Amino acid sequence: MFEAWTLKSDQVAEQEEALRLALRQLSDSERSTFYKAYNPQIKDPDTYATLNWFFIAGLHNFYLKQWIMGLFDLVLMVIGVVMLAVFWPLGAALIALVSLIELPALFRSQIIVADYNNQLGWSVLKRYNPVTLPSP
């Protein structure tokens with residue numbers, strides 16, 4: 001949820017480069033095994049950004065398998081919509097709050113998804129080649 005404010009692009013780029021270096025150390029068959037497991041799971045920043053336009057459901061969180069944050073966004077938005085009918089100022093405030101919290105994620109979608117893909121890459125690499133791994 002707040003990774004849009006805490007992620008540093010330099011740090012994510014360093015993790016990505018470290019992953020590339022670790023992959024270069026693998027044999028061709030190990031690398032092939034890695035990419036067969038990794039490629040179907042990677043996420044696209046443009047899809048994440050598109051889903052983020054729909055603040056109402058927290059779809060971008062579900063896309064990155066952040067189930068709790070997705071449910072949190074969804075519940076807040078549903079409460080906000082219900083409150084619009086009951087007591088509109090509170091409903092509007094809740095919807096505005098969710099929008100303000102999620103707006104930075106929209107503008108930093110590239111770095112957020114790159115970080116997700118890096119973490120996924122290290123996870124897959126550890127699963128298929130735990131012995132010869134450098135630390136990220």
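Start by selecting helix H4 and helix H8, where Pro45, Asp46, Tyr48 and Ala49 in H4 meet Ser109, Gln110, Ile112 and Val113 in H8, a contact being heavy atoms within 4.5 Å. The residues of this contact of H4 with H8 divide into five nonpolar, two polar and one charged, where Ala, Val, Leu, Ile, Met, Phe, Trp, Tyr, Cys and Pro count as nonpolar, Asp, Glu, Lys and Arg as charged, and the others, Gly among them, as polar.

Before going on, note that this is a predicted model, in which local features need pLDDT of at least 70 and side-chain atom pairs count only at pLDDT 80 or more, while totals for chains, interfaces and linings use all residues. Residues are numbered from 1 along each chain as its sequence is written, and side-chain values use heavy atoms, with hydrogens and water left out.

Keep H4 (residues 45-52) and H8 (residues 109-128) selected: their axes come within 9 Å and cross at roughly 125°, the axes being lines fitted to C-alpha atoms, for helices over the stretch in contact, with angles from 0 to 180 degrees between N-to-C directions. H4 and H8 are therefore oblique to each other, given that angles under 35 degrees count as roughly parallel, over 145 as roughly antiparallel, 65 to 115 as roughly perpendicular and the rest as oblique. Their crossing is right-handed.

Thr33, Phe34, Ala37 and Tyr38 in H3 meet a set of residues in H8 including Asn117, Leu120 and Tyr128. The residues of this contact of H3 with H8 divide into seven nonpolar, three polar and no charged.

Now select helix H6 (residues 67-86) and helix H7 (residues 88-107), whose axes come within 6 Å and cross at roughly 155°. H6 and H7 are therefore roughly antiparallel to each other, and their crossing is left-handed. Among the residues that meet are Asp73, Leu76 and Met77 in H6 and Trp88, Val98 and Glu102 in H7. The residues of the contact of H6 with H7 divide into 13 nonpolar, two polar and two charged.

Finally, colour the model by pLDDT, the predictor's confidence in each residue, from 0 to 100. The mean for the protein is 87, and 88% of its residues reach 70 or more. Among its elements, helix H1 (residues 3-6) has the lowest mean pLDDT (70) and helix H2 (residues 9-24) the highest (94).

How values were computed. Helix = DSSP H or I, 4+ residues; strand = E, 2+ residues; numbered from the N terminus. Left-handed = near helix turned anticlockwise from the far one by under 90°.
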